[in-house]
Amino acid sequence: MTDADVTGSEATEPAAPEPEERAEDESELDDATLESALEAILLVVDSPASNEQLASAVGSEVRRVKPMLLSMAAKFTERGSGIDLRYAGDGWRFYTRTAYAPYVERLLLDGARSKLTRAALETLAVIAYRQPLTRARVSAVRGVNVDGVMRTLLARGLISEAGVDPESNGTMYSTTELFLERLGLASLTDLPPLAPLLPGVDLIDEISDSMDTDPRVTRSTKNRGSKPDPVSELDSDD
């Protein structure tokens with residue numbers, strides 16, 4: 001092989017780009033592409049996505065992605081879209097707009113709606129406003145046995161165990177991120193004022209740590225030894 005052959009071979013071999021050159025070729029997404037990319041990601045997430053997660057996915061910065069999400073949410077609302085982009089719990093997610101819920105339910109549930117009972121809603125409200133607290137304290141506030149509704153709320157992921165009460169050794173409960181998501185709240189501080197909803201709930205602070213002497217708790221728990229059927233208990237609890 002001659003020097004000319006070597007020289008010719010080297011001349012035809014492309015030079016690898018320097019790292020700086022490759023970085024310059026990678027440009028930031030323009031606004032239209034960024035908005036479309038965020039829509040595509042939000043369409044497939046199964047839980048709320050934070051500003052940081054979305055920024056990482058599109059290769060941009062939070063200071064650019066957050067205003068874009070706010071703008072997108074405003075556009076959906078302004079044109080009355082059936083899609084509602086909301087920040088709830090700890091991130092962004094698409095929801096169906098409340099005004100069009102009946103049409104969605106007609107398709108998915110054939111007109112039937114699955115609602116929490118009044119007992120479950122009252123129990124959930126007590127926990128939401130006074131968490132964490134034990135099952136016994138919830139029973140004392142409501143004046144009835146709440147075992148059945150507590151199981152329902154746990155099964156639906158609206159409440160979860162939150163440690164043990166050091167004084168009574170009873171399991172304490174608090175609301176979950178799913179609870180905030182379902183209500184469309186960013187945090188518990190966004191809950192409505194307590195007084196109009198539960199005017200007597202502050203009495204919980206006056207309840208004795210020994211629930212055995214409380215007549216309301218005694219009345220609600222005196223039949224627990226028979227281990228009632230959970231299904232019938234759920235049906236009968238008001």
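**Close-up views of a predicted protein model**

The protein exposes about 15200 Å², and carbon and sulfur atoms supply 53% of that area. Accessible areas come from the Shrake-Rupley method with a 1.4 Å probe, and for residues only the protein chains shown count as cover. This is a predicted model, in which local features need pLDDT of at least 70 and side-chain atom pairs count only at pLDDT 80 or more, while totals for chains, interfaces and linings use all residues. Residues are numbered from 1 along each chain as its sequence is written, and side-chain values use heavy atoms, with hydrogens and water left out.

**View 1. The whole protein.** The protein has twelve helices and five strands. Helices (H or I, at least four residues) and strands (E, at least two) are DSSP runs, numbered from the N terminus. Of the 238 residues, 32% count as buried; buried means under 20% relative accessible area, exposed over 50%, and partly exposed in between (1.4 Å probe, protein chains only). Among contacts between residues at least 6 apart in sequence, 56% join residues at least 24 apart, where contact means heavy atoms within 4.5 Å.

View 2. Helix α3 spans residues 31–44, and its 14 residues reach 21 Å from the first C-alpha to the last, close to the 20 Å expected at 1.5 Å a residue. The expected span is 1.5 Å times one less than the number of residues. Leu-34, Glu-35, Leu-38 and Leu-42 are the buried residues of α3. They lie on the same side of α3 because they cover an arc of only 100° around the axis; the arc is that of the directions from the helix axis to the C-beta atoms. On the other side of α3, Ala-32, Leu-43 and Val-44 are exposed. The cover over the buried residues of α3 includes α4 (51–58), α5 (62–78), β1 (83–88) and β2 (91–96).

**View 3. The start of α3, and Glu-35.** At the start of α3, a side-chain oxygen of Asp-30 comes to within 3.1 Å of the backbone nitrogen of Ala-32. Neighbours within four places in sequence aside, Glu-35 is in contact with Met-68, Met-72 and Lys-75.

View 4. Strands β1 and β2 run antiparallel and are joined by six bridges; two strands pair if DSSP finds at least two bridges between them. Ile-83 stands opposite Thr-96 in β2. Two residues lie between the strands of this hairpin, and Gly-89 in the turn has a positive phi of about 75°.

View 5. Ser-50 sits in the loop between α3 and α4. Ser-50 is buried, at a relative accessible area of 15%. Not counting residues up to four places away in sequence, Ser-50 touches Asp-90 and Gly-91. Ser-50 and Trp-92 are 42 residues apart in sequence and 6.1 Å apart in space, C-alpha to C-alpha.

**View 6. Two loops with backbone features.** Pro-132 lies in the loop between α7 (118–130) and β3 (133–134). The peptide bond joining Gln-131 and Pro-132 is cis, with omega of about -10°. Asn-169 is placed in the loop between β4 (159–164) and β5 (171–175). The phi of Asn-169 is near 65°, a positive value in a residue other than glycine. Asn-169 counts as exposed, at 61% relative accessibility.

Methods. A polar contact is a pair of N or O atoms within 3.5 Å; within protein, one must be able to donate a hydrogen and the other to accept it, and residues adjacent in sequence count only if both atoms are side-chain atoms.
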